[in-house]
Amino acid sequence: MACRGDILATLDPELRSIARFLPLGLGLQRGLRLPRAASRVVAVIGAVRGVETAEVIPGVTVRVHRPTASGPAPTVLWLHGGGTIVGSAAQDDKWCRRIAAELGVVVVAVDYRLAPEHPYPVPVEDCYAALQWVARQSWVDATRLAVAGASAGGLLTASVARLARDRGGPRLAAMALAYPMLDDRTGSVRSGRRWLMWSEQDNVIAWRWYVGSGDTNPASPARWTDLAGLPPAWVGVGTSDMLHDEAVAFAPSLVGAGVPTTLEVADGGYHGFDQISPGAAVSQRFITSLFDHLRTHLAP
């Protein structure tokens, strides 16, 4: 079993100091009480006061971050991470404000319902309902819509894009998946390797709770064989992220289906590194690549 020193040795040097204090996963095998309590603390710390909120369907709300420009604007639907089982839109308020300010877009972050209480397809349907709501708003340029998310938000991003394609819903100009959770099989055969922030055991448990008694094939993007027609994609992941291999495998699958795709691999990046250490050069390059993708495809 690898020790923390072995993990740190794989990281970008600028990421190592704070990484010494990060958890080796959420410990989902012990239940959800502590991870959810921790996520509430993160949301309180990350929340910005005075954010506009709206209910899109019963039980599902959004947080709206607007740029200073007026008139119909390009819009990014942002889907938060947390393994589909923890997290909230408020935890990403500062990040969403940054996207809005730097790109001049509206960012709408979704508080979708969580598994295991609300397994697949409920979280996807919640996010799709939010996309439909966004497309109807007078302050949105519906010809310039993107969906983006991190970790479980990346899973839901791909799922919402596929749903929009299949249902003839709002046409998406782009999608962006940061260290996405794409393959229910990851971690089912233990490698013995340890990871920061998200472990093999976490992944197996979270997928089991997310899929519930449903069908794994439509729930898990790595199993999809019908990727044609999805919007131009950005896929980003770090080399020291447990989800690295599935993200790197998904990008060429998109390309093979004719989907314009940018793959950004951050050498020495762990799960969530860009949000935890945004000032590191490796994080800045990662974020710049993501922003360039959205800026290009949301341009007039």
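Begin by selecting Tyr 128, which counts as buried at 4% relative accessibility, where buried means under 20% relative accessible area, exposed over 50% and partly exposed in between, computed with a 1.4 Å probe on protein chains only. The model on your screen is predicted, so local features need pLDDT of at least 70 and side-chain atom pairs count only at pLDDT 80 or more, whereas totals for chains, interfaces and linings use all residues. Residues are numbered from 1 along each chain as its sequence is written, and side-chain values use heavy atoms, with hydrogens and water left out.

Leaving out residues up to four places away in sequence, Tyr 128 touches Val 160, Leu 163, Ala 164, Arg 167, Gly 169 and Pro 170, contact meaning heavy atoms within 4.5 Å.

To show the contact, pick Pro 123, Val 124, Glu 125, Cys 127, Tyr 128 and Leu 131 on α5, together with Leu 156, Ser 159, Val 160, Leu 163, Ala 164 and Arg 167 on α6. By class, these are nine nonpolar residues, one polar and two charged, with Ala, Val, Leu, Ile, Met, Phe, Trp, Tyr, Cys and Pro counted as nonpolar, Asp, Glu, Lys and Arg as charged, and the others, Gly among them, as polar.

Now move to helices α4 (residues 93–103) and α11 (residues 281–297), whose axes come within 11 Å and cross at roughly 55 degrees. On the α4 side, select Trp 95, Arg 98, Ile 99, Glu 102 and Leu 103, and on the α11 side Ile 287, Leu 290, Phe 291, Leu 294 and Arg 295, which make the contact. This set divides into seven nonpolar, no polar and three charged residues.

Finish at Thr 75, placed in strand β3 (residues 73–79) and buried, with a relative accessible area of 0%. A polar atom of the Thr 75 side chain lies 3.1 Å from the backbone oxygen of Ala 73. Neighbours within four places in sequence aside, Thr 75 is in contact with Val 106, Val 108, Val 134, Val 140, Arg 144, Leu 145 and Ala 146.

Key: Helix = DSSP H or I, 4+ residues; strand = E, 2+ residues; numbered from the N terminus. Polar contact = N/O pair within 3.5 Å; in protein donor to acceptor, adjacent residues only side chain to side chain. Axes fitted to C-alpha atoms, helices over the stretch in contact; angles between N-to-C directions.
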